[in-house]
Structures are given as structure tokens and as C-alpha cells.
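Hello,

Here is the structure I promised to pass on to you. Have a look at it first, and then read on for what turned up.

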Amino acid sequence: SIAGGSTAALVGHSGAGKSTIINLLPRFYDPREGNIQIDKQNIKEVSLSSLRKNISMVSQDIILFDDTIRANVAYAKLNASEEEIKNACDFAAASDFIEALPESYETLIGENGIRLSGGQKQRISIARAVLKNSPIILLDEATSSLDSESEEKVQNAITNLTKNKTTLVIAHRLSTIIRADKIFVLNQGKVSDIGTHNE
């Protein structure tokens with residue numbers, strides 16, 4: 001059980017079930033038993049589009065299209081104004097690197113963002129989630145492959161993104177775990193402990 005507007009961290013060894021929980025929420029698959037409720041509504045009883053409209057996912061596997069940076073960010077909200085796209089990129093700490101590119105927001109990023117670094121891809125993905133502005137954020141905290149400068153920028157962008165949102169994060173970093181309102185320790189598909197970092 002996670003309170004609205006709070007941050008819950010999932011921790012545990014590889015294969016403990018952290019990603020499974022994250023993937024059950026947007027219904028990439030359904031539980032064999034039990035049910036998942038958001039605001040007392042069983043997620044199997046609402047339409048997929050309504051469910052997914054209320055969830056943003058930022059994961060290690062970022063899907064980017066062979067298109068401009070603008071189009072990749074606006075994918076979250078196709079009718080977004082220029083100002084909304086720029087604000088989202090500001091929030092995601094992405095504006096600086098975008099505006100330094102020769103064609104700025106019109107820069108083509110290649111298949112799956114091949115022309116961008118790992119940290120830049122992450123910030124595009126976060127900008128997309130900021131623009132979508134959904135109440136629930138699912139994060140597979142993927143800063144492990146980044147250099148320390150990028151990591152700090154991505155971390156700040158994540159902090160901006162999750163402010164006042166219900167956030168479920170697979171945490172790999174101590175700083176995230178300390179900040180979480182509630183921590184679930186998973187072990188072989190079961191919750192073995194729940195509490196704050198101090199507890």
C-alpha cells in the first residue's frame with residue numbers, strides 16, 4: 001500500500017521481483033492472483049488507455065525514435081505547445097545540451113537516439129514524462145551507466161519530475177532510498193520488510 005503523493009522504493013537482489021511489480025502497474029501483464037487498485041479502483045476494470053494516461057515510466061530501456069528531439073519529447077503530448085516542450089526540457093535539465101546542438105530542437109537523433117549520450121537520452125525520457133504530467137511515476141533508476149556529472153543532472157531532473165507525484169522507484173542508490181517515504185525490501189518475489197530507511 002502506497003499513499004498518494006509519496007515515494008516508495010523497491011530494493012532487493014537481481015531477480016527479486018522489482019521490475020515485475022513495476023510492469024504489473026501499466027498492465028504489461030496481469031497478476032495470476034490478487035488485484036491491484038489505484039484509488040480503490042481495480043486496474044483491470046478501467047480501460048488500458050485511461051490507466052496508462054495516468055502513468056509515466058522512465059526506465060533503463062529508453063525508446064527513442066529516429067526523429068527530431070522536439071518530436072521525441074512531444075510524443076508524450078502530441079498537441080504540446082513550443083513553450084510546454086521547452087519548459088519540460090528545462091525541468092529535465094536537458095535544455096542546455098539541446099540548445100548547444102547545431103539544430104537545437106530540430107536535431108535528428110538517429111535510430112534509438114544513437115547520436116546522444118546515455119545521460120542525454122535519460123533526460124529526453126524524463127522531459128517526456130514531465131510533459132505528460134501524470135500523477136503516477138514509475139522509475140527504474142538507471143543512472144548506473146552515467147558519469148558523475150550526468151548522474152547529478154539526471155538525479156536533479158528526477159527530483160523535479162517526482163515532486164508531489166506518487167512515485168514507485170527501483171532504487172540502486174542510497175540517496176534515493178534515504179529520500180523514500182517507504183521502502184519495500186523484496187526477496188524471491190516476496191516482500192520481506194517494509195519501513196523507512198531509519199527503521
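To start with the charged side chains: which residue does Arg70 meet in a salt bridge? The partner is Glu82, and the N to O distance is 2.4 Å. Please keep in mind that this is a predicted model. The pair ties together distant parts of the chain, since Arg70 belongs to helix H3 (residues 69-74) and Glu82 to helix H4 (residues 82-91), 12 residues apart. Glu82 is partly exposed, with a relative accessible area of 38%. Both residues also belong to a network of salt bridges that links Arg70, Glu82, Lys86 and Glu106.

In total, the structure holds 5 salt bridges. Another one joins Lys77 to Glu84, with the closest N and O atoms 2.6 Å apart. Lys77 is partly exposed at 28% relative accessibility, and Glu84 is partly exposed at 30%. Arg27 and Asp30 also meet in a salt bridge (2.8 Å, N to O). Here Arg27 counts as buried, at 19% relative accessibility, while Asp30 is partly exposed at 32%.

Lys165 is buried yet has no salt bridge, and the nearest side chain of opposite charge, Glu84, is 12 Å away. What Lys165 does have is a polar contact with the side chain of Asn133, at 2.5 Å. Asn133 itself is in the loop between helix H6 (118-132) and strand E5 (136-140).

The largest pocket contains about 1,000 Å³ of space. It is lined by 36 residues, and those closest to its centre are Ile2, Leu25, Ile36, Gln37 and Ile38. Among the elements giving two or more residues to this lining are helix H1 (18-24), helix H2 (48-53), strand E7 (182-187) and strand E8 (190-195). By class, the lining has 21 nonpolar, 13 polar and 2 charged residues.

The second largest pocket has a volume of about 600 Å³. Of its 18 lining residues, Ser56, Met57, Tyr75, Arg128 and Lys132 lie nearest the centre. Strand E4 (55-58) and helix H6 each supply at least two residues of the lining. This lining is made up of 11 nonpolar, 3 polar and 4 charged residues.

Happy browsing, and best wishes

Terms used
Residues are numbered from 1 along each chain as its sequence is written. This is a predicted model: local features need pLDDT of at least 70, side-chain atom pairs count only at pLDDT 80 or more; totals for chains, interfaces and linings use all residues. Side-chain values use heavy atoms; hydrogens and water are left out. Helices (H or I, at least four residues) and strands (E, at least two) are DSSP runs, numbered from the N terminus. On a 1 Å grid over the protein atoms alone, a cavity is a set of points where a 1.4 Å probe fits but cannot get out, and a pocket is an open set with protein on both sides within 12 Å along at least five of seven lines; lining residues have an atom within 4 Å of a point. Grid points are joined across faces, edges and corners, and a volume is the space filled by probe spheres set on the points. Ala, Val, Leu, Ile, Met, Phe, Trp, Tyr, Cys and Pro count as nonpolar, Asp, Glu, Lys and Arg as charged, and the others, Gly among them, as polar. Buried means under 20% relative accessible area, exposed over 50%, partly exposed in between (1.4 Å probe, protein chains only). Lys and Arg count as positive and Asp and Glu as negative; His and the chain ends are not counted. A salt bridge is a side-chain nitrogen of Lys or Arg within 4 Å of a carboxyl oxygen of Asp or Glu. A polar contact is a pair of N or O atoms within 3.5 Å; within protein, one must be able to donate a hydrogen and the other to accept it, and residues adjacent in sequence count only if both atoms are side-chain atoms.
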